[in-house]
Amino acid sequence: MDSLKFILLSAIFMAMAFSCKEAGPPDDDGSTPDGCPVTYVRLPSVPVYSGDRVCVIGTGFSSDASYYLESTAAPDNTEILTDVTVTPSGIEFTARVTAGEYMLVVEQDGRWELGTITVKMREIEAVISSVPEYCLPGGSFTVSGTGFSSSSVMVLEDPETGLRTALATESGTGKLTASVPQDAPRGKSTLILLQDGAEMIISDRFFITTEKKLAGMKYTLTAGTSEGPVWEISVTRNGNGDITGCEPYSLVINENGDSGTGLDFIASDEDKANGYSDFTLAVDAVSEHVVSASFGTGETDPDTGKDILKTFTWDYSGDYLSYIVTPKNTGRIAVTDEGNISLEDFWVDCSYGDLSLVNNPFAADFTLSVLATNDLILQAAIMFGLTGTASDMLPDSLSSAPVSYTFDEEGYVTGASYKDPLDSYDVILEYVYR
């Protein structure tokens, strides 16, 4: 009889050890704080996975109590446990939280902190090969890769609030396609893959956005309390979004067939007195990039008495502008391995240390805009969207001087304040989109 009793007790203890195999040792005195109705609590001593059932050993747990997981890093981040099962040997619940350390809290004849649990996320064995930068509201997009399953779902997470929007997702061979609701949150989101109880970040800079075009740029320069010059350029567009006019210039568009387009910018005598001058941009028909700029160099035609225009080639590396010649700027423009534009050849140190400073993919290139602070030719090229791929990120400082930005609800940079690193002016740059 004693042998049978020993075998039964051994089986019971083995079953408890199996069901709660992650339980760790109790406190030194095998108890909880004085007055706590729950005693002899044993929490998992090794990390548990998000979405798993967690077993906590202890006595005195009540089915009428309230249970919480409270983040130790951010106490306001508290998860109410709604599926707690109370057993004679403790409680079980599902850890539906993100990775981190959490305090298990029970409200039962008071509020009691029972100890911490570390939660990890299961890793997804998917390999992502391509992700788009954006999707239009009401549209769809495709992520390519391997290792997807029928349970794969993509969600958008607001990087500020953590709120998530699940997307209707279809899996196919080597791809996932998601539909974006028309009323999906605009702007930059984190794109996350949920699969088989685990999750992984696909992109931390995915935009839900409409396509707006640049309609105006205005530079206001000041030096201390003294007002400096104001440079402003704007365009008018037709119903198709094509540019039909430009202020303060008179614009003449010369269509040259397969060879591209010539854009003549003609300043009035009054504007010339304020620093504006005539110039021409030649635009390639295929790349739609400025391939050369023509402008006066101060030499006069003896027959006409007008400035002689000379033509200078602009170069590109891949799709990035790599070399320009204007009256204000001449030099090479480098691009880092991360796709950020560097202006070292112009004695401007662009720092990209703040990874959250990402511009809408349709927005103006701010880094080139800095170079164009008092360069009307480069301003016009940026205004018309003819300078190639924009810098991947926004610099957080220019030659150690910080830059501050404003954005609209879709993540377009609408303004920036900075110290011009070349002329030491304080600059306020404003963008207008339509």
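Guide: A salt bridge here is a side-chain nitrogen of Lys or Arg within 4 Å of a carboxyl oxygen of Asp or Glu. Lys272 and Asp278 form one, with their closest N and O atoms 3.2 Å apart. Bear in mind that this is a predicted model.

Visitor: How many salt bridges turn up in the whole structure?

Guide: The search finds 15. One of them pairs Arg164 with Glu157 at 2.8 Å, N to O, and Arg164 is partly exposed at 36%.

Visitor: What does Glu410 pair with?

Guide: Arg186, at 3.7 Å from N to O. That pair links distant parts of the chain, 224 residues apart: Glu410 sits in the loop between β35 and β36, Arg186 in the loop between β16 and β17.

Visitor: And is Glu410 buried or exposed?

Guide: Glu410 has 5% relative accessibility, and the cut-off for buried is under 20%, so Glu410 counts as buried. Arg186 is partly exposed at 31%.

Visitor: Switching topic, what's the fold made of?

Guide: The chain has 37 strands and 4 helices. Its radius of gyration is 31 Å, well over the 22 Å from the globule rule for 434 residues, so the chain is more spread out than a compact globule. The C-alpha box is roughly 125 × 55 × 35 Å along the principal axes.

Visitor: How much of the chain is buried?

Guide: Buried residues make up 41% of the 434.

Methods. Residues are numbered from 1 along each chain as its sequence is written. This is a predicted model: local features need pLDDT of at least 70, side-chain atom pairs count only at pLDDT 80 or more; totals for chains, interfaces and linings use all residues. Side-chain values use heavy atoms; hydrogens and water are left out. Helices (H or I, at least four residues) and strands (E, at least two) are DSSP runs, numbered from the N terminus. The radius of gyration is taken over C-alpha atoms; the globule rule is 2.2 Å times the number of residues to the power 0.38. Buried means under 20% relative accessible area, exposed over 50%, partly exposed in between (1.4 Å probe, protein chains only).
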